[in-house]
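Hi,

Here is the structure I promised to pass on. Have a look at it first, and then read my notes below.

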Amino acid sequence: MDHSGAAMMEAGGAPTRKESGRLPSRHGSHPHGHSGLARTAHGMSSSSLRKKSDATLVRKVPVASLRPVLANLQEVLLGTKLAVLFLAVPLAIAAQCFRFGQVWVFALSLIGLVPLAERVSFLTEQLALYTGPTIGGLLNATCGNATELIIALFALVEGKIEVVKCSLLGSVLSNLLLVLGTSLFCGGIKNLGSEQPYDRKQADVNTGLLVLGVLCQSLPLLLRYAVSSGEHAVATDTTVLELSRACCFIMLLAYVAYLFFQLKTHRQLFEPQEVEGGDEEEEEAVLGFGSALFWLILMTVVIAVLSEYVVGTIEPTSKSWGLSVSFISIILLPIVGNAAEHAGAIIFALKNKLDITLGVALGSATQISMFVVPLSVLVAWIMGIQMDLDFKLLETGSLFISVLVTAFTLQDGTSHYLKGVLLLLCYVVIGACFFVTRQPAHNANSNGILLDVPIGPMNVQIA
């Protein structure tokens, strides 16, 4: 960077490495021989969609006091390859204000969430450069799936518990089968003649947590069926809710232990391995701490607005498109909401950097399953809403099979395109099942807490 470019960076509030001793180096000493501020897989995945800002036009602005502001705006709004999708944000707000149609509001809001999710990841990384590895890791863990969490909270406020459950389940399925499957397939085709290794230790840790999550989500469902068969007739709705909440505390405890394991004692297992010929650059702060915090709050507010639009228009969109609410929540919302992160995972798989890809796919699935899901149940409890961990038989069975298939697929430490094909086909089959299943409209807001569960064959309305 030339001297004028460096001056612009400083004007924008981002100190350089030489001038500030507060920014830890990515190549600093570490007990395990790794960096003091190692970049997470989520951060490296999102960075593949970023582009360097050109300060030439900003330097030509005659008013010197405006240059730092314009440089800041350029870095945040134009520093991504998805910048053109920001146009959907004002269009969604205009469609809602002028009542252009609820389907348009839903579609534009979904598109607008794509660049916002990528920018939240970028801003979190910028803050992590000032706060250090531990706080930065906690920020990534908390904000990594901010979109799903905000959508879940708004759906809870409106009492759409089925939307909450289906959207969170869909996020896990999407990461395990769609993202990982597409990445392994594309990476396998691109690197057909070369070995495609990855560190299976990280995969073992994440799949173990996912198995625990499936167990906790299965117990309330199993209890319902035990009650319906007369084996435990003393159980009530309250018993199922209490069991769900107890399981949620256990899941959150396991997630805290996982964070301590990841950020402190075994950090080296989660740091992407060096690849020969790699071109990774040292991460630099391009925003000041105050600017990054301001933009993160602003982006979160905008995500909240669009999430409210999505939740409020999902049922009219379901009727207009002829799709069930469960299909839209399980398939469409996760695909569009996490498109930026998913694209980054595929890009690194093409570069034969599968550790980063696994960190994104398995890490996101673990965060949703072990953090967002139990947190949603506990928040619903605080709000006086009776939400449990019973995701119903079809949904829970799909999740169990997905975790099982993923665990078996990743057990040998090497990859090829056939593994990606198998995961993708599993996702297609599950998606087809939810596509043909039609849920009655009056059940979209139901928690399904009645214990009248049929023992015989279940009747499902098929399109």
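**The overall picture**

The chain is built with 17 helices and zero strands. Of its 463 residues, 52% are buried. If you take the contacts between residues at least 6 apart in sequence, 83% of them join residues at least 24 apart.

The mean pLDDT of the chain is 77, and 72% of the residues score at least 70. Which elements sit at the two ends of the scale? Among the elements of the chain, helix α1 (residues 3-11) has the lowest mean pLDDT, at 43, while α16 has the highest, at 93. Over residues 440-446 the pLDDT stays under 50, and the model has 13 contacts for them beyond four places in sequence. Residues 448-463 are also below 50, with 28 contacts in the model beyond near neighbours in sequence. Where pLDDT is low, the predicted coordinates should not be read in detail.

**Salt bridges**

Side chains of opposite charge can pair when their charged atoms come close. How many salt bridges does a search of the whole structure find? The search finds eight. Here are some that you can look up yourself.

Take R200 and D204, whose closest N and O atoms are 3.4 Å apart. Both belong to helix α10 (residues 200-228), and they are four residues apart, about one turn of the helix. R200 counts as partly exposed because its relative accessibility is 35%. D204 is partly exposed too, at 37%.

Next come R224 and D388, with 2.3 Å from N to O. R224 lies in helix α10, while D388 lies in the loop between α15 (354-382) and α16 (393-409), so this pair ties together parts that are 164 residues apart in sequence. Are R224 and D388 buried or exposed? Both R224 and D388 are buried. They also belong to a network of salt bridges that links K165, R224, D388 and D390.

The side chains of K419 and D412 form another salt bridge, at 2.5 Å from N to O. Here the two partners are worth looking at one by one. K419 has a relative accessible area of 8%, so K419 is buried. D412 has a relative accessibility of 45% and therefore counts as partly exposed.

Now back to F185. Together with I189, L192, Y417, L418 and L422, F185 makes a nonpolar surface patch of about 560 Å². The elements that give two or more residues to this patch are α9 (161-190) and α17 (417-436). Which of the elements gives the largest share? That is α17, with three residues. As for F185 itself, its relative accessibility is 32%, so F185 counts as partly exposed.

**Cysteines**

How many disulfides does a search of the whole structure find? The search finds zero. C247 shows why for one case: the closest cysteine sulfur to its own is in C216, 4.5 Å away, and that is too far for a bond. With a relative accessibility of 4%, C247 counts as buried. C433, on the other hand, is partly exposed, with a relative accessible area of 28%.

Last stop: L87. You will find L87 in the loop between α4 (67-77) and α5 (88-97). L87 counts as exposed because its relative accessibility is 55%.

Cheers

Conventions. Residues numbered from 1 in each chain as written. Predicted model: local features only at pLDDT ≥ 70, side-chain atom pairs only at ≥ 80, totals over all residues. Heavy atoms only, no water. Salt bridge = Lys/Arg side-chain N within 4 Å of Asp/Glu carboxyl O. Buried < 20%, exposed > 50% of the residue type's maximum accessible area, 1.4 Å probe, protein only. Patch = residues over 30% accessible without salt bridge, like charges linked within 9 Å, V, L, I, M, F, W, Y side chains within 5 Å. Areas by Shrake-Rupley, 256 points an atom, 1.4 Å probe, with all protein chains shown as cover. Disulfide = S-S within 2.5 Å. pLDDT = per-residue confidence, 0-100. Contact = heavy atoms within 4.5 Å.
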